[in-house]
Amino acid sequence: CDHRDLHLSIRRQRQMCIRDRLKEIVKKYVIDILDHSQFEIEVDWFKDKQPSTENLVKFIWTQIDQRLKPVVLHRIRLHETPSIFTDYYGPMSDEL
């Protein structure tokens with residue numbers, strides 16, 4: 001086995017591990033919480049907040065980011081339609 005092939009294999013395994021972990025986190029801490037709920041009433045995070053896509057992406061960020069460490073989350077993109085979406089790049093983007 002070539003050294004480059006081994007490096008690529010290890011890299012792919014890590015990517016698969018991260019992808020699988022991300023799927024677990026999204027299911028448990030986003031989908032299971034928001035699906036079939038009146039989240040603006042039932043989810044404490046949304047108390048005193050508008051149930052907007054802008055707030056949804058912030059909620060999703062907080063649910064994923066803290067559980068994905070040491071991996072750094074880059075962006076959350078929430079599609080309303082195929083051509084309308086909201087991007088969120090984390091708390092630092094709120095300060096811009």
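Are F46 and F59 buried or exposed?

Reply: Both F46 and F59 are buried, where buried means under 20% relative accessible area, exposed over 50% and partly exposed in between (1.4 Å probe, protein chains only). The model is predicted, so local features need pLDDT of at least 70 and side-chain atom pairs count only at pLDDT 80 or more, while totals for chains, interfaces and linings use all residues. Residues are numbered from 1 along each chain as its sequence is written, and side-chain values use heavy atoms, with hydrogens and water left out.

Aromatic pairs number five, under the rule that ring centres of Phe, Tyr and Trp (its six-membered ring) lie within 6.5 Å, with planes under 30 degrees apart stacked, over 60 edge-to-face and the rest tilted. The ring centres of F46 and F59 are 5.2 Å apart and the planes stand at 45 degrees, so this pair is tilted. Because F46 lies in the loop between helix 2 (39–42) and helix 3, and F59 in helix 3, the pair ties together parts 13 residues apart in sequence. Helices are DSSP runs (H or I, at least four residues) numbered from the N terminus. Ring pairs also join F46 and F59 with F39 and W45 in a cluster.

Other buried residues of helix 3 include L56, I60 and W61. T53, also in helix 3, counts as buried at 15% relative accessibility. Its side chain makes a polar contact with that of T86 at 2.9 Å; such a contact is a pair of N or O atoms within 3.5 Å, where within protein one must be able to donate a hydrogen and the other to accept it, and residues adjacent in sequence count only if both atoms are side-chain atoms.

Conventions
Helices (H or I, at least four residues) and strands (E, at least two) are DSSP runs, numbered from the N terminus.
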